[in-house]
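The sequence and structure come first.

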Amino acid sequence: MTIPQPIAWTPDFSVRILDQTLLPETETYRTLETVDAVAEAIRTLRVRGAPLIGIAAAMGVTLALRRGEATLETVCAGSAALGATRPTAVNLRWALARMERRAAAATAAGEDLQRALRDEATAIWDEDRAMCARIGEAGAALIEGDAVVLTHCNAGALATGGMGTALAPVYTLHAAGRRVSVVADETRPLLQGSRLTAWELARAGVPVTVIADGMAASRLRRGDITCVIVGADRIAANGDVANKIGTYGLALAARAHGVPFYVAAPSSTVDIGTPDGAAIPIEERAAEEVSALGGRRTAPAGVPVWNPAFDVTPAGLVTAIITDRGVFAPADVGGTL
Ligand code: MRU
């Protein structure tokens, strides 16, 4: 099974990324050498997905020390620039806060700051890979017999440091020789489902069918979907889940058709400091993402566009949250993780 690796260190500790804006047509890798280059890559979704942008930011912050003095202030300035790129995924802030704590401890102890931060970023990446594997096992244990999993956006290897979150149970079942296939929502407006989820699953040899987002309810009514599994950008203390726009509608449709709706996420996505979904900042992106496609207009010039990148699914619509620490009822996640 071939799973893509969307991020890596280069031998001289620059950050190498797979440019996801160019998939599925070309598999192009870019080397990023400055904080600004990493910030641009996160903002433009060359690297994307909640856990991966946390890892990218952690690696990116080490680049601040290449241009600036090796001080805590330089680290904090780099961290602030990276933290301002995208507001919704809590993993970004979680990873940067961890890097700042490590920088403060290394400074106080007189350690080599550059080395300490590279090791910390590598640890964040390694831990995410391990969390994905545990999510895969916990999720696979929920699924009996042959399975058809419906998913939205991309919460696979391209979104994490490992085998993904929502796709981790799929890969785990596939590797165990179980019959599992995926129905991937296209995920308008940026098509992460058709461009990215379908690309990585096809590459791994997992059968995948792409549908337009508006087809999901009809597909659920057909009765052949075993469960829906999606990822998360932030899970509030009460179990409300922010994820890619369209997730809420999918949860409503799954509930209407009695299909289990699972959210798969590492514990770093649970934010006990956010009481509920209403307190989660939702990123709004450029109108052109909706009003144009492939260089052509899809809406008349001048017509207003609303383009929130994420929505909030109320905890009551979520069957269970699959994490690296086990499977939880949404109401329990804040008190336990
Ligand atoms: O805008 P994106 O592509 O970064 O959005 C990604 C998602 O919404 C994912 O479902 C989420 O980050 C979980 S990734 C494991």
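**Ring contacts, helix packing and a loop arginine**

Lys 244 lies over the face of Phe 310, 4.3 Å from the ring centre. A charge is taken to sit over a ring if NZ of Lys or CZ of Arg is within 6 Å of the ring centre and within 35 degrees of the ring normal. The model is predicted, so local features need pLDDT of at least 70 and side-chain atom pairs pLDDT 80 or more, while totals for chains, interfaces and linings use all residues. Residues are numbered from 1 along each chain as its sequence is written, and side-chain values use heavy atoms, with hydrogens and water left out.

**Rings**

- The charged end of Arg 129 sits over the ring of Trp 125, at 5.4 Å from its centre.
- Rings of Phe, Tyr and Trp (its six-membered ring) pair if their centres lie within 6.5 Å; planes under 30 degrees apart count as stacked, over 60 as edge-to-face and the rest as tilted.
- The count by this rule is one aromatic pair: Trp 9 and Phe 13, edge-to-face, 5.2 Å centre to centre with 65 degrees between the planes.
- Trp 9 is buried at a relative accessible area of 16%, whereas Phe 13 is partly exposed at 30% (buried means under 20%, exposed over 50%, partly exposed in between; 1.4 Å probe, protein chains only).

**Helix packing**

- Helices (H or I, at least four residues) and strands (E, at least two) are DSSP runs, numbered from the N terminus.
- Axes are lines fitted to C-alpha atoms, for helices over the stretch in contact, with angles from 0 to 180 degrees between N-to-C directions.
- The axes of H1 (residues 35-43) and H2 (residues 50-62) come within 9 Å and cross at roughly 170 degrees, so the two helices are roughly antiparallel (over 145 degrees).
- Val 35, Val 38 and Ile 42 of H1 meet Ile 53, Ala 56, Ala 57 and Gly 60 of H2, where contact means heavy atoms within 4.5 Å.
- H6 (residues 113-140) and H7 (residues 168-175) have axes that come within 7 Å and cross at roughly 75 degrees; they are therefore roughly perpendicular (65 to 115 degrees).
- Residues in the contact of H6 with H7 include Cys 132 and Ile 135 of H6 and Pro 169 and Leu 173 of H7.

**Arg 178**

- Arg 178 is in the loop between H7 and strand S5 (180-185), and is partly exposed at 30% relative accessibility.
- Beyond neighbours within four places in sequence, Arg 178 contacts Ile 143, Glu 144, Gly 145 and Leu 173.
- The C-alpha atoms of Arg 178 and Leu 293 are separated by 37 Å.

Conventions:
Angles under 35 degrees count as roughly parallel, over 145 as roughly antiparallel, 65 to 115 as roughly perpendicular and the rest as oblique.
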